[in-house]
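Hi there,

Here is the structure I promised to pass on.

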Amino acid sequence: MNSHELFFKTAFCCMACDGKIANEEVVSIKKIACETDYFQSLDIDKLANSYVEKINEQGYAFLESYLNDLKETKLSEHDQLALVKIAIRTIEADEQIQYQEISFFKQIRACLTISDDAIMEMYPERELDDMETYFLPDIVDKSTNQCSTLFSSVNFSMK
């Protein structure tokens, strides 16, 4: 999996991990696609809808497969920071941060080698207390996570 697809899969999984796909999250991902080259050369509509099919079939196993992909991919520090930025931006897009989203971010964070300080440097305007939520140990074992929601197709077209 190339970094562009991994970046998009990160956004998708962060969008879906709480069991719903909020319109604000879709809009945020569209903005990321327009403002950056993170999803360069990807047909994000087609890819998103293939992910919808897979998550509907596999449930939480789809999210676990993403985490396995992340563990197996060697990313530069720059790419790891980009991935974190995509994850946080997607999680915060609907301004309703759910426990499942923070828990999933912590699982993503565990797959990366960058320091918390490097992440904090990306967000100098934020208070430490605001960012600590993303870094404190989780209170629930990830094996209890479930994804039983079925999603419909997603449209990222820029039209």
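A word on the model: it is predicted, so local features need pLDDT of at least 70 and side-chain atom pairs count only at pLDDT 80 or more, while totals for chains, interfaces and linings use all residues. Residues are numbered from 1 along each chain as its sequence is written, and side-chain values use heavy atoms, with hydrogens and water left out.

Helices here are DSSP runs (H or I, at least four residues), numbered from the N terminus. Helix α1 (residues 3-16) packs against helix α5 (residues 77-92) at an angle of about 25°, and their axes are 8 Å apart. The two are therefore roughly parallel (angles under 35 degrees). On the α1 side, Ser3, Leu6, Phe7, Thr10, Ala11, Cys14 and Met15 meet Asp79, Ala82, Leu83, Ile86, Ala87, Thr90 and Ile91 of α5 (contact means heavy atoms within 4.5 Å).

α5 also packs with helix α6 (residues 99-110), at an angle of about 175° and with axes 11 Å apart. That makes α5 roughly antiparallel to α6 (angles over 145 degrees). Leu83, Val84, Ala87, Ile88 and Ile91 of α5 form this contact with Glu101, Phe105 and Ile108 of α6.

Finally, Met120 sits in helix α7 (residues 116-122). Met120 is buried (under 20% relative accessible area), at 17%. Met120 and Met131 are 11 residues apart in sequence, and their C-alpha atoms are 7.5 Å apart in space.

Best wishes

Notes: Axes fitted to C-alpha atoms, helices over the stretch in contact; angles between N-to-C directions. Parallel < 35°, antiparallel > 145°, perpendicular 65-115°, else oblique. Buried < 20%, exposed > 50% of the residue type's maximum accessible area, 1.4 Å probe, protein only.
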